[in-house]
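Thanks for coming. I have one structure to go through today, and I will keep it brief. Please have a look at it before I start.

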Amino acid sequence: QVQLVESGGGLVQAGGSLRLSCAASGRTFSTFAMGWFRQAPGKEREFVAAIRWSDSSAFLQDSVKGRFTISRDNAGKTVYLQMNSLKPEDTAIYYCASDFRTVVLSSTWHPYYWGQGTQVTVSS
């Protein structure tokens, strides 16, 4: 019912910035939250950030607080992840996610919908 397409990934030097976008389509009217996970080679997928639709409250993993910002457009069809002060350890495939269920937006979140991912590579 919901399709998610990520864009904006690429190669950037340490200390640089990137902005990821995730466009949602389909039956998005019931969205509770959208967010981002990432997975580095040989590592498990981890929660990065989420935004609650009702009030646009943001929830961030501790390692990215102060560097990353999650936001949405006024139409509610696109979510963004602004990534500043990037570090080599941020290198990963970043996946967009969404959920229609009322869930706790933290590392315990298991999203209902997933995008295909976009590669972010940070060079040292």
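Predicted model: local features only at pLDDT ≥ 70, side-chain atom pairs only at ≥ 80, totals over all residues.

Four strands make an open sheet, and their order across it is β1-β3-β8-β7, with antiparallel pairing. Which strands stand at the edges? They are β1, residues 2-7, and β7, residues 68-72; each has a single partner strand, so one side of each has no neighbour in the sheet. From one strand to the next the twist averages 15 degrees. As a reminder, strands of a sheet pair through backbone hydrogen bonds, in either the parallel or the antiparallel sense.

Next, the disulfide. How many does a search of the whole structure find? The search gives 1. The bond joins C22 to C96, with 2.0 Å from S to S. C22 belongs to strand β3, residues 18-26, and C96 to strand β9, residues 92-99, so the bond ties together parts that are 74 residues apart in sequence. The torsion about the S-S bond is about -85 degrees, so this disulfide is left-handed. Are the two cysteines buried or exposed? C22 has a relative accessible area of 0%, so it is buried. C96 is also at 0%, and is buried.

That brings us to β9. This strand is mostly covered, with 7 of its 8 residues buried. I will go through three of its pairings. With strand β4, residues 33-39, β9 pairs in the antiparallel sense over 7 bridges. In that pairing, M34 has S98 of β9 as its bridge partner. With strand β11, residues 118-123, β9 is antiparallel over 3 bridges. There, A92 has V120 in β11 as its bridge partner. With strand β10, residues 113-114, β9 is antiparallel over 2 bridges. In this case S98 stands opposite Y113 in β10.

Last, the aromatic rings. The whole structure holds 7 aromatic pairs. One of them is Y95 with W114, edge-to-face, at 6.4 Å centre to centre and 85 degrees between the planes. Y95 sits in strand β9 and W114 in strand β10, so this pair ties together parts that are 19 residues apart in sequence. Y95 counts as buried at 11% relative accessibility, whereas W114, at 33%, counts as partly exposed.

Another edge-to-face pair is Y112 with Y113, at 4.9 Å centre to centre and 75 degrees between the planes. Here Y112 is partly exposed at 46% relative accessibility, while Y113 is buried at 13%.

Which residues do ring pairs link into a cluster? They are F37, F47, Y95, W109 and W114.

Conventions
Residues numbered from 1 in each chain as written. Heavy atoms only, no water. Pairing = 2+ DSSP bridges. Axes fitted to C-alpha atoms, helices over the stretch in contact; angles between N-to-C directions. Disulfide = S-S within 2.5 Å. Buried < 20%, exposed > 50% of the residue type's maximum accessible area, 1.4 Å probe, protein only. Phe/Tyr/Trp six-rings, centres within 6.5 Å; stacked < 30°, edge-to-face > 60°.
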